[in-house]
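The sequence and the structure are shown first.

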Amino acid sequence: MQGSYHLATKKYTQAKDKLEAMKVLLKSGDTEKIMFFAGVSRERAAIDICFTYKLFDHLNNIVEDLKSGLDTDKDAMARCAAFFMENRQFDKAVNLFVNSGAYEQALELCMQYRITITEDMA
């Protein structure tokens, strides 16, 4: 059955419909392939799918890829931070704000939600 999902994903990708490809991959449950696809595509669609399906771990991995890239996509980082805030994962939001250079927002969150600034955040 999983082979059918992978074939469908391949066909959607060839047709340049990455959103549908990601949806099919999500149905397969193949976490490794989902992570690979999300990391490779690095597109807004991958982040949006993580938002829609509340895929916190997948989103975290995309964020780590964004942080390690030479050209940090500050807009994507800000969107991810807002998502983590909406879902009350304030420590992750603080970390994103710090990594995107939005230090004032990070400090405000720390004070408002009593988040301890760790060495990793500094």
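## A loop residue and a helix pair

Q89 is buried, because its relative accessible area is 18% and buried means under 20% (exposed is over 50%, partly exposed in between, with a 1.4 Å probe and protein chains only). The model is predicted, so local features need pLDDT of at least 70 and side-chain atom pairs count only at pLDDT 80 or more, while totals for chains, interfaces and linings use all residues. Residues are numbered from 1 along each chain as its sequence is written, and side-chain values use heavy atoms, with hydrogens and water left out.

Q89 sits in the loop between α6 (74-86) and α7, helices being DSSP runs of H or I with at least four residues, numbered from the N terminus. Apart from neighbours within four places in sequence, Q89 is in contact with F56 and F84, where contact means heavy atoms within 4.5 Å.

In α7, the buried residues are F90, A93, V94, L96, F97 and V98. Just after α7, G101 has a positive phi of about 85°.

| Helix | Residues | Residues in the α7–α8 contact |
|---|---|---|
| α7 | 90-99 | F90, A93, V94, F97, V98 |
| α8 | 103-113 | Y103, Q105, A106, L109, C110, Y113 |

By class, this contact has 10 nonpolar, 1 polar and no charged residues. The axes of α7 and α8, lines fitted to C-alpha atoms over the stretch in contact, come within 7 Å and cross at roughly 160°. The two helices are therefore roughly antiparallel, a term for angles over 145 degrees.

Technical notes: Axes are lines fitted to C-alpha atoms, for helices over the stretch in contact, and angles run from 0 to 180 degrees between N-to-C directions. Angles under 35 degrees count as roughly parallel, over 145 as roughly antiparallel, 65 to 115 as roughly perpendicular and the rest as oblique. Ala, Val, Leu, Ile, Met, Phe, Trp, Tyr, Cys and Pro count as nonpolar, Asp, Glu, Lys and Arg as charged, and the others, Gly among them, as polar.
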